[in-house]
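Subject: Structure for you to look at

Hello,

Please find the structure below. My notes on the sheet follow it.

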Amino acid sequence: MRERRVGIPELEGNLGACLEEVRSGTTLLVTEGGRGIARLIPELGASESRNGPAIAWSGQRLRKTKPKARLRGGGSMTDIVRDNRR
């Protein structure tokens, strides 16, 4: 996927051309003072598969999550698997 940086003044002055680039598959990173503030990404077309390149990542670190499930009895998943193999 191609990506191009574009400042707000350029985006405002050439909105039609910028949208045509996005339509053709280019992702535009909109910047303000050299820092990215938004991304314009192409919409999935009718011919594109839902399994295709439809995920965009901002590049930011993911937050740590806590486990949602706990095992009863204080054992570990390894213990359960080991017991079930016997």
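**The sheet**

Strand 1 pairs with strand 2 (residues 27-32) in the parallel sense, over 5 bridges. Val6 has Val30 in strand 2 as its bridge partner. Two terms here: strands are DSSP runs (E, at least two residues), numbered from the N terminus. Two strands count as paired if DSSP finds at least two bridges between them.

This is a predicted model: local features need pLDDT of at least 70, side-chain atom pairs count only at pLDDT 80 or more, and totals for chains, interfaces and linings use all residues. Residues are numbered from 1 along each chain as its sequence is written, and side-chain values use heavy atoms, with hydrogens and water left out.

Strand 2 also pairs with strand 3, in the antiparallel sense, again over 5 bridges. Leu29 has Arg39 in strand 3 as its bridge partner. These two strands form a hairpin with 2 residues between them. Gly33 in that turn has a positive phi of about 65°.

Overall, 3 strands form an open sheet in the order 1-2-3, with mixed pairing. Strand 1 (3-7) and strand 3 (35-40) each have a single partner strand, so one side of each is left without a neighbour in the sheet.

**Thr31**

Thr31 lies in strand 2. Is Thr31 buried or exposed? Its relative accessibility is 10%, so Thr31 counts as buried (under 20% relative accessible area; exposed is over 50%, partly exposed in between; 1.4 Å probe, protein chains only). Leaving aside neighbours within four places in sequence, Thr31 is in contact (heavy atoms within 4.5 Å) with Arg5, Val6, Gly7, Ile8, Gly36 and Ile37.

Best wishes

Conventions
Helix = DSSP H or I, 4+ residues; strand = E, 2+ residues; numbered from the N terminus.
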